[in-house]
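This report looks at salt bridges and at one helix pair in the structure shown below.

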Amino acid sequence: GVERMNGSLAQCIALTAYGRAILTGRMEPVELLTNNTTFQYVRELKFLDQTGNIACKDTLRWFAALKRRGATALKLIERSVKTDLPDHLGVAFAGFDPWGIQVDLRAKHEMWVPTWDVARKNTKSKRIWEVTYWCVDLIPSPEQDDVPRASAALRGALEEIRDFAGVAANHWVAWFNKALECLESDREIPYHPDLLPNVGYSRAARRLVAAASQAWVYGGMGSWNDIGVEESQQSQYEVCSERLYRAVIGACCAATNSFDDTAA
C-alpha cells in the first residue's frame, strides 16, 4: 500500500502552520478548506466551542475568531489516547487521533481535537469526510524538542529501522533511505507539498516535515505494520517501529511549532 501521512495529522499540521502565519500577519488569510490538499477529501468542516455549539464551518472564520479572542500562538501537540494498542498500531484505525492543536490565549490555553467521520459512502465525490474540531481546556505540557534535536532523533530512528529492514524486509530499505534523503536535501513534502505555508519556516524545518511525511509507514494492510517477521526478529521489529513512530510525531511537532516570524 502507498503510505501517506495520516490525514488527520497532516490537517492539524496545516491548520497550525497556516494559522501561525495568518495570526502573525505574515500572510493574508486563506481558506484552507478549498485551497489546501489536507482538506481535499473533506465534505463538511465544523469547529465546536466548549458548549458543543458550532462556532464556525470554515478555517477563515476559525482563524478570525482566534485572532479576535487574543490567541498568541498555535502549537501542534501530542495528546494521550487510552487504548489497548500501542500508538503506532492504533493510528491505522479511524477515530484514533493522538494529537491536537494547542491555542495559547491571554489568560488560558485550550486544545482543539479532530474527529473524522465518513459522511456518505455512495457519493460520487471524493469529498467523503465530515471533520469536527472539539475545543477543551488544556494545561500545557513542557516544551518539546527543537528542530535540530528532532532531526537527530528521526535520523537515528530511520537508520536503525532501515538496517533492520535490510535483514527482515528488504523492499522497505529504499523507502527509509528516501526519508533520510529528505533530511539532507530540499525535497517537496511527499503527498502534501502545501503542508506548510511558504513563509515562516526554515529550510531545516521544511526538510524535517518532508522526512517525517516520507517516514510515515503506519497504515493498515500492506503497510509496515502489516509485514510478517520471524519470531526471533519480533521484539526488534516492535522496538524500532515504536521508536520511529515517536520520532516522526516528535518531528511533526518540532517542525510545525518552529514557526519563526523572521524566517523567509
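Is E242 buried, partly exposed or exposed, by its relative accessibility? E242 counts as partly exposed, at 24% relative accessibility, where buried means under 20% relative accessible area, exposed over 50% and partly exposed in between, with a 1.4 Å probe and protein chains only. The model is predicted, so that local features need pLDDT of at least 70 and side-chain atom pairs count only at pLDDT 80 or more, whereas totals for chains, interfaces and linings use all residues. Residues are numbered from 1 along each chain as its sequence is written, and side-chain values use heavy atoms, with hydrogens and water left out.

**Salt bridges**

The structure holds 16 salt bridges, a salt bridge being a side-chain nitrogen of Lys or Arg within 4 Å of a carboxyl oxygen of Asp or Glu.

| Salt bridge | N to O distance |
|---|---|
| D137 and K108 | 3.1 Å |
| D186 and R207 | 2.7 Å |
| E242 and R246 | 3.3 Å |

D137 lies in strand β6 (residues 129-137) and K108 in the loop between β4 (99-104) and β5 (109-118), so this pair ties together parts that are 29 residues apart in sequence; helices (H or I, at least four residues) and strands (E, at least two) are DSSP runs, numbered from the N terminus. K108 is partly exposed, with a relative accessible area of 32%.

D186 and R207 also form a salt bridge. Because D186 lies in the loop between α6 (173-184) and α7 (203-214) while R207 belongs to helix α7, their pairing ties together parts that are 21 residues apart in sequence. D186 is partly exposed at 46% relative accessibility, and R207 is partly exposed at 21%.

E242 and R246, by contrast, both lie in helix α8 (residues 234-256), four residues apart, which is about one turn of the helix. R246 is partly exposed, its relative accessible area being 32%. Elsewhere, salt bridges that share partners join R69, K108, E110 and D137 into one network.

**Packing of α7 against α8**

Helices α7 and α8 pack at an angle of about 150°, with their axes 9 Å apart, the axes being lines fitted to C-alpha atoms over the stretch in contact and the angles running from 0 to 180 degrees between N-to-C directions. The two helices are therefore roughly antiparallel to each other, a term for angles over 145 degrees. A205, L208, V209 and A212 in α7 meet V248, A251, C252, A254 and A255 in α8, contact meaning heavy atoms within 4.5 Å.

Notes:
Angles under 35 degrees count as roughly parallel, over 145 as roughly antiparallel, 65 to 115 as roughly perpendicular and the rest as oblique.
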